[in-house]
Amino acid sequence: MSNKSYYNSDDLRKFGDISEFSPELGKKFFDYYNEVFKEGELTEREKALIALAVSHTVQCPYCIDAYTSGSLEKGATEGQMMEAVHIAAAIRGGASLVHGVQMMNKTKELLM
Amino acid sequence: MTSATLKRRQHLLSYAKKQLDFLNQPKESGEQFTSFESKLNETGLDPLKPTKIDTFQINVGYMCNLTCGHCHVDAGPDRKEIMTRETMQECIDSIKDTDISTVDLTGGAPEMNPDFRWFVEELSKINKKVIVRSNLTIILANPKYNDLPEFFAKHKVEVVCSMPHFTRLRTDSQRGDGVFDKSITALKMLNEVGYGKEGTGLMLHLVHNPSGAFMPGSQESLQKEFKKKLFDAFGIVFNDLYAITNLPISRYLDYLINSGNYENYMQKLIDSYNPEAARNVMCRNTISISWDGYLYDCDFNQMLEMKLKDEKLQHIKNFDLEALEAREILVDQHCYGCTAGSGSSCGGATS
């Protein structure tokens, strides 16, 4: 690798290249991927906002780049985009905190 | 936007040649962007030829009451280029006995041309469909423009107006403070005389161009969003939404460079090249006429001063439809803007 960094923003546009080592699976993945983001019962804008929230949960810089643009392209506002990120944060925070119940259960089991 | 035009500031990018030079420069890494011509060649479209010319897009002057951040014309209050009635008459004489069915009036703010109403009336008389590209705010800019909705309705003019977004923030960031509210008022005035309403035959289309360095999303989805938001919040109705890609020239190019987005945006356009959109580019069925009567392949080529190759065809005085339909369309790197994604034209997506 000529680049010293694990992440390189230029790699985002090479996403399609993953098919190179496994064309059949690559095609299946991208066919599915493209189908997923088409307007269905959810609008394209709603799907882009969900993708933006998930991108923050999986903390994928490529995804954040792609779905920030994607959300803007689909007409999302800055407010909607930040609300989506807060949903990611709330679920992550909540996921830690809800385990507090487990901690409390165990504590109560152990203490006199 | 209150800033002066690039031309007024004698900005480098106000010179067509400098823009073309810039668009043909390699990236910072030294790598060259793929040339548009080579892409056309791959699609079997090089040289690009017209199909059949059915639209005359006439730019009646670069003067405008706004100075929008994305304007490819570099229009503004300080621009003095205005089409004369004589040139308008030459346009009428050229097309009256042809199959060219549509005259698309653009600018600047076309309504600011002192002979605008005369021109529309004359075009109606020869039964041409007239489209006006309105910035909406002009209707409120001066009492003399307040009756434009009635005037448009009387002549069944199709109104295509700029409305980049259904939020104030996104619209005003591109077009200037207060533009959103004025546009909403103007749209209500157009609705009042029947525009955008079923059964009236008065067509009102909105144009969305992104307020930033990204491409427009799906026109169909955006149209649904716009219709819902504008109706729910303001009771506004309209016919179609045209999603138009910003081309990297003039003030939008200046914005891309200053914001550090130029290379990524250009690359995105190139990566999104769509052969179907290339087959449907509007320069294949449209001729653009400048305020001083010169002919161009499109309004963008007009701004880049890319006059037709054949000198004999360059001016409306020598109008020759058959020869024009046999000409070669001139292309350069900015053309990627019309062939990216779902394609882009003055009528929105092309594929």
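**Exercise 1.** Which residue with a positive phi follows α10(B)?

*Solution.* Start at the end of the helix: α10(B) is followed by B:Gly260, with a positive phi near 75 degrees. Before going on, a word on the model: it is predicted, so local features need pLDDT of at least 70 and side-chain atom pairs count only at pLDDT 80 or more, while totals for chains, interfaces and linings use all residues. Residues are numbered from 1 along each chain as its sequence is written, and chains are lettered from A and ligands numbered from 1 in the order in which they are written. Helices (H or I, at least four residues) and strands (E, at least two) are DSSP runs, numbered from the N terminus.

**Exercise 2.** Work out how well covered helix α10 of chain B is, and by what.

*Solution.* Now count: in α10 (residues 250–258), seven of the nine residues are buried. Among them are B:Tyr252, B:Leu253 and B:Tyr255. Finally, look at the cover, which includes α1 (16–23), α11 (262–271) and α13 of chain B.

**Exercise 3.** Find the buried residues of helix α7 of chain B and say how they are arranged around the axis.

*Solution.* Step one: in α7 (residues 168–175), the buried ones are B:Arg170, B:Thr171, B:Gln174 and B:Arg175. Step two: these cover an arc (of the directions from the helix axis to the C-beta atoms) of only 105 degrees, so they sit on the same side of α7(B). Step three: they pack against α8 (179–192) of chain B. Past the helix comes B:Gly176, with a positive phi near 115 degrees.

**Exercise 4.** Trace the sheet of chain B and pick out its edges.

*Solution.* Walk across it: eight strands form an open, mixed sheet in the order β6-β5-β4-β3-β2-β1-β7-β8. The edges are β6 (241–243) and β8 (295–296), each with a single partner strand, so one side of each has no neighbour in the sheet. Next, zoom in on β1 (residues 55–59) and β2 (residues 102–106), which pair in the parallel sense over five bridges (strands pair if DSSP finds at least two bridges between them). Within that pairing, B:Ile58 has B:Leu105 as its bridge partner, and B:Asn59 stands opposite B:Thr106. As for cover, four of the five residues of β2(B) are buried.

**Exercise 5.** Is B:Cys298 buried or exposed, and what does it touch?

*Solution.* Locate B:Cys298 in the loop between β8 and α13 (299–303) of chain B. B:Cys298 has 25 C-beta neighbours inside 10 Å, so it counts as buried. Leaving out residues up to four places away in sequence, B:Cys298 touches B:Met282, B:Cys283, B:Thr286 and B:Ser288 (contact: C-beta atoms, placed from the backbone, within 7 Å). Its C-alpha is also 9.8 Å from that of B:Phe56, 242 residues apart along the chain.

**Exercise 6.** How many residues does each chain bring to the contact between A and B?

*Solution.* Chain A gives eleven residues and chain B gives 15. On the chain A side, α2 (44–57) and α3 (61–73) each supply at least two residues, and α3(A) gives the most, with three. For the confidence check, the model scores ipTM 0.79 and pTM 0.92.

Methods: Contact = placed C-beta atoms within 7 Å. Buried ≥ 20, exposed ≤ 12 C-beta atoms within 10 Å, placed from the backbone.
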